[in-house]
Amino acid sequence: MSQLLGIIQRLMQLREQEQNGSEAPQRNFEVNGEKKCSVTYLAKTDTYMLEVYEKGKKPKTYQFDNIDMIAIEIFELLDEKSEAMR
């Protein structure tokens, strides 16, 4: 549960950075040094853009307008146990 809370806090920081006048802030999420995804907050549409990376494949892009839904998606991407089941 604390990992999920940490993800939500990072996503909230992206929104705050945008409000402080920064250009579309971005954050990367990694597991053991391997970048799993990156998130960009788009203030104009109040959405988060999630780019998911898989070895040997082109990145896939998804948009979320709900912070909880994107946090769950990131949590599942970072969860090594569920990754072994995929």
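A: This is a predicted model, and the protein averages a pLDDT of 88, with 87% of the residues scoring at least 70.

Q: Which elements have the lowest and the highest mean pLDDT?
A: Helix H3 (residues 80–85) has the lowest mean pLDDT among the elements, at 53, whereas strand E4 (residues 60–64) has the highest, at 98. Where pLDDT is low, the predicted coordinates should not be read in detail.

Q: What pattern do the elements follow along the sequence, and how many helices and strands are there?
A: The protein has 3 helices and 4 strands, and read along the sequence they follow the pattern α-β-β-β-β-α-α. Of the 86 residues in the protein, 29% are buried.

Q: How do you know that the length of helix H1 agrees with its number of residues?
A: The 18 residues of H1, at 1.5 Å a residue, should span 26 Å, and because the end C-alpha atoms are 26 Å apart, the two values agree. The buried residues of H1 are Gly-6, Ile-7, Ile-8, Leu-11 and Leu-14, and they pack against E1, E2, E3 and H2.

Q: What makes the buried residues of helix H2 line one face?
A: Those buried residues are Ile-67, Ile-70, Ala-71, Ile-74, Leu-77 and Leu-78. Seen down the axis of H2, they fall within an arc of 125°, and therefore they line one face of the helix. An α-helix has 3.6 residues a turn, so residues three or four places apart point the same way.

Q: Why is the pair of Tyr-41 and Tyr-48 called tilted?
A: A search of the whole structure finds 1 aromatic pair. The ring centres of Tyr-41 and Tyr-48 are 5.0 Å apart and their planes stand at 55°, so the pair is tilted; planes under 30 degrees apart would count as stacked and those over 60 as edge-to-face.

Q: Why are Tyr-41 and Tyr-48 called buried?
A: Buried means under 20% relative accessible area. Tyr-41 has a relative accessible area of 5%, and therefore counts as buried, while Tyr-48 is buried because its relative accessibility is 1%.

Q: What makes Ser-38 a buried residue, and which side chains does its side chain contact?
A: Ser-38 is found in strand E2, and because its relative accessible area is 1%, it is buried. The side chain of Ser-38 makes a polar contact with the side chain of Gln-26 at 3.2 Å and another with the side chain of Tyr-53 at 3.0 Å; both are polar contacts because the cut-off for such a pair of N or O atoms is 3.5 Å. Leaving aside residues up to four places away in sequence, Ser-38 touches Gln-26, Arg-27, Asn-28, Met-49, Leu-50, Glu-51 and Tyr-53.

Q: Why is Ala-24 called partly exposed, and what does it touch?
A: Ala-24 sits in the loop between helix H1 (2–19) and E1, and because its relative accessible area is 45%, it is partly exposed. Not counting residues up to four places away in sequence, Ala-24 touches Glu-18, Thr-40, Tyr-41 and Leu-42.

Conventions: Residues are numbered from 1 along each chain as its sequence is written. This is a predicted model: local features need pLDDT of at least 70, side-chain atom pairs count only at pLDDT 80 or more; totals for chains, interfaces and linings use all residues. Side-chain values use heavy atoms; hydrogens and water are left out. pLDDT is the predictor's confidence in each residue, from 0 to 100. Helices (H or I, at least four residues) and strands (E, at least two) are DSSP runs, numbered from the N terminus. Rings of Phe, Tyr and Trp (its six-membered ring) pair if their centres lie within 6.5 Å; planes under 30 degrees apart count as stacked, over 60 as edge-to-face and the rest as tilted. Buried means under 20% relative accessible area, exposed over 50%, partly exposed in between (1.4 Å probe, protein chains only). The arc is that of the directions from the helix axis to the C-beta atoms. Contact means heavy atoms within 4.5 Å. The expected span of a helix is 1.5 Å times one less than its number of residues. A polar contact is a pair of N or O atoms within 3.5 Å; within protein, one must be able to donate a hydrogen and the other to accept it, and residues adjacent in sequence count only if both atoms are side-chain atoms.
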